[in-house]
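Subject: Structure handover

Hello,

Here is the structure I promised you. Please open it next to this email and read along.

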Amino acid sequence: MIAEAGLAALWLAAALALLQLVLAFTGASPAVRSLAVTQGLMTLIAFAALIAVFVRTDTSVALVVANSHSAKPLMYKFAGTWGNHEGSMLLWVTVLALAGAALALLQRRIGERMLTASLGAQAALGLGFYAFLLIASNPFARLDPAPAEGKGLNPLLQDPGLAFHPPTLYIGYVGLSVAFSLAVGALLTRDVGPALARAMRPWVLGSWIFLTLGITAGSYWAYYELGWGGWWFWDPVENASLMPWLAATALLHSINVLAARGGLRTWTMMLAVVAFSMSMVGTFLVRSGVLTSVHSFAVDPTRGTFLLGLLALYVGGALALFAWRASHVAEGGRFALISREGGLVLNNLLLSVILGTVFIGTLYPLFAEAATNEKLSVGPPYFNAVAGPVALLLALLLMIGPLLRWRHHAAPLARWVAPSALIIAAALMISLIAAPEMSILSRLGLAVGVGLVPASLMPLAGRSLRRTPLATWGMAIAHLGVAVALIGMASDSAFKSETLAIAKPGDRLNVGPWLVEFASVDPVAGPNWTAVEAELRATRGSGVSVLHPQSRTFTDPVTETNESAIATLWNGQLYTVLGRAREDGWQLRLWWKPFVTLIWFGGALIALGGLLSLGGRLWRGRRRAESEA
Amino acid sequence: MRPRWILFVPLALLLLLIAALAWRLASPSDNIVKSRLEGRALPAFALAAAVEYKPGLASTDLASGKPRLLNVFASWCVPCIAEAPLLRRLKQEGVAIDGIAIRDRRADVTHFLARNGDPYERIGSDPESRVQIGLGSSGVPETFVIDGRGVIRAQHVGPIEQGDLPAIRHALEAAR
């Protein structure tokens with residue numbers, strides 16, 4: 001009954017979307033807004049129905065049978081709702097509809113015409129994906145007769161990180177649809193200007209914050225769950241989340257120019273379309289089966305064709321509209337090369353270069369195989385070699401960009417930039433003397449990161465801190481986050497130590513400054529798994545850290561995983577993995593990773609900066625509205 | 001003022017991308033990785049016996065002067081069960097077949113052979129897939145045609161099916 005109610009709600013939402021699109025054409029604005037809100041409610045009901053069906057392990061629903069099991073802990077039954085293709089697609093559509101509802105409810109700054117056009121675009125987006133769900137990926141399909149038990153869930157996904165990672169990312173990805181719809185609405189009504197930028201900004205900031213958090217959390221989750229000690233693998237699905245983030249970051253900066261000075265109108269519209277297009281391309285890549293990855297859902301070429309059709313329709317349509325209308329968009333204020341706008345143009349360009357290279361790298365194996373029948377893979381060597389230096393250039397730009405004046409910067413910059421430049425030079429020299437064997441990328445990354453720490457805070461220097469706008473604080477902290485993350489990445493890459501050994505209880509191993517004693521190995525059991533757990537005692541002078549890595553076997557489906565044990569200290573992490581048993585002992589893999597936690601701490605700082613900016617803009621907007629009223 | 005046509009570049013790029021992705025979706029997926037050793041000599045190896053009653057396998061055994069088939073299998077490999085009758089058929093036709101059991105246990109291999117027939121003259125045990133990887137084989141079952149001098153002449157990936165027999169016989173002939 002619940003499943004049918006969910007399916008009915010989904011059909012209703014699709015019908016409402018159709019009505020919303022039609023009415024948007026005729027310009028009936030209040031009706032369009034109510035429809036958007038109701039549509040959001042309907043999809044929420046459908047999603048709640050799916051959650052209910054999973055939590056109760058209703059084995060008459062095919063999706064539950066394929067992906068769940070009554071022995072799973074409750075939290076993972078709940079999270080299992082979106083740990084599969086159909087459920088996550090329903091989540092996608094729910095976020096899309098809720099974003100439209102929020103746009104209808106909260107948007108006050110743009111005219112009725114543009115809002116109606118934007119809501120129409122949002123409805124059009126929804127229609128295609130409702131059709132995809134209802135026709136090709138029905139989450140509520142029944143199974144008759146109902147089997148007694150489900151087939152379980154991939155144990156790699158039975159983890160607290162799973163509960164937060166996909167919904168956070170989806171709010172980010174799909175939230176960018178609002179920017180897309182607003183851009184389409186603006187192009188349709190020929191009204192691209194600072195007002196549009198100020199209206200778009202909170203939506204982009206909000207999506208961007210969630211994307212940053214989702215990517216950071218995903219990276220940390222992969223780090224401790226997969227047991228390889230790496231935090232980014234340039235996996236196609238990871239890239240699928242990074243590309244919208246890169247586009248959204250560029251969009252965010254472009255919006256600032258449009259809002260402040262009316263410039264970069266065409267760039268901003270282009271980026272708004274590209275950002276959500278990247279989300280859709282990502283959705284396609286992950287679900288069509290053209291790329292295999294750790295994250296891939298079940299391969300299904302018919303779904304892939306459907307999604308490709310939607311991609312062609314939406315992105316093609318938006319880009320066609322862009323090409324047709326963008327030349328009619330009024331020019332903004334002119335600016336000199338050395339100016340804040342100039343810096344932000346360079347920032348856009350560099351981010352677009354990284355975006356382009358990641359895009360090409362992700363898709364290259366596909367096309368190379370099609371053309372030459374040779375299999376090749378593009379992995380970290382390419383991505384690090386290409387994206388790394390450009391990212392360093394961006395980091396250097398970060399040191400001067402925020403200090404430039406709008407329109408034309410004529411004042412001397414040296415005294416603001418000199419301290420950071422000196423710090424970089426000093427860091428380079430110290431690293432050359434103390435650690436001559438570092439790779440050049442790590443060395444530069446570390447030096448630039450260290451120099452960027454004071455540089456990111458420089459815009460705050462010489463100001464009354466209490467009266468500095470919150471948005472400026474946000475910018476400083478977000479840039480500081482970039483510096484911190486950069487230091488973490490370089491430090492991990494340059495200074496990590498690894499020990500791989502076959503050991504028996506009683507053995508002692510060395511890794512970095514640590515002496516690790518392999519104390520014992522014992523069997524343990526959990527709700528749906530059994531494991532062999534090792535006790536490791538690690539010391540580096542004073543105090544002992546005790547770690548318990550496990551080699552775990554899940555019961556349904558039968559899968560073996562390594563549960564790594566990590567000890568977090570003030571200056572790094574000791575990461576331990578227990579492998580297979582052999583006749584002469586156990587495989588033990590130990591890493592000492594100095595300052596690796598800075599990577600995710602930096603990511604969190606970036607998100608915090610975004611949050612402060614968002615708060616600052618919203619608060620200032622409300623105060624301005626009040627004073628104008 | 002930028003030229004008007006530049007605004008159409010993103011659209012053009014997208015259409016190219018869609019066309020390429022559509023082509024990729026339409027062409028059949030090919031997850032098979034073939035060995036690059038065709039035409040090269042077998043890597044040297046010497047494997048212990050996989051079962052008690054048969055000798056183990058060394059690369060020198062495969063340079064016997066006449067073409068042989070080298071079949072990589074495992075007791076836990078389901079398609080190997082399907083392939084077994086066809087291997088027996090080839091053996092009845094006079095083809096010499098040697099086997100390599102990968103990542104397996106003696107009892108399980110014995111059991112497998114008892115249930116599905118045993119066409120092998122010698123069976124080597126490769127518990128860590130080292131020789132398998134050295135051969136450029138990426139899965140089971142895979143069958144290699146080795147000529148009399150120990151050179152790999154052909155590789156068949158996946159289970160041998162009815163329709164593959166002519167090609168295998170042809171490869172054995174060509175390897176004389």
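This is a predicted model: local features need pLDDT of at least 70, side-chain atom pairs count only at pLDDT 80 or more; totals for chains, interfaces and linings use all residues.

Residues are numbered from 1 along each chain as its sequence is written, chains are lettered from A and ligands numbered from 1 in the order in which they are written, and side-chain values use heavy atoms, with hydrogens and water left out.

**Cavities**

Rolling a probe the size of a water molecule over the atoms shows where empty space is left. On a 1 Å grid over the protein atoms alone, a cavity is a set of points where a 1.4 Å probe fits but cannot get out. Lining residues have an atom within 4 Å of a point. Grid points are joined across faces, edges and corners, and a volume is the space filled by probe spheres set on the points.

How many cavities of 30 Å³ or more are there? The count is three. Helices (DSSP runs of H or I, at least four residues) and strands (E, at least two) are numbered from the N terminus. In chain A, α2 (29–55), α5 (85–106) and α6 (112–136) each supply at least two residues of the lining of the largest cavity. That lining has six nonpolar, five polar and no charged residues. Here Ala, Val, Leu, Ile, Met, Phe, Trp, Tyr, Cys and Pro count as nonpolar, Asp, Glu, Lys and Arg as charged, and the others, Gly among them, as polar.

The second largest cavity has a volume of about 50 Å³. Among its lining residues are B:F73, B:E83 and B:Y120. α2(B) gives the largest share of this lining, four residues.

**A pocket**

A pocket is an open set of points with protein on both sides within 12 Å along at least five of seven lines. The second largest pocket has a volume of about 1,400 Å³. Of its 45 lining residues, A:W267, A:M270, A:V274, A:S352 and B:P10 are the closest to its centre. α10(A) gives the most to the lining, with 10 residues. By class, the lining has 33 nonpolar, eight polar and four charged residues.

**Salt bridges**

A salt bridge is a side-chain nitrogen of Lys or Arg within 4 Å of a carboxyl oxygen of Asp or Glu. One joins A:R142 and A:E4 (2.7 Å, N to O). These two are 138 residues apart in the chain. A:E4, A:D58 and A:R142 are linked in a network of salt bridges. In chain B, B:D61 and B:R122 meet at 3.2 Å, N to O. B:D61 and B:R122 are 61 residues apart.

**Buried or exposed?**

Buried means under 20% relative accessible area, exposed over 50%, and partly exposed in between (1.4 Å probe, protein chains only). Is A:L413 buried or exposed? A:L413 has 19% relative accessibility, so it counts as buried. B:W5 has 57%, so it counts as exposed. B:W5 is found in the segment before α1 of chain B.

Best wishes
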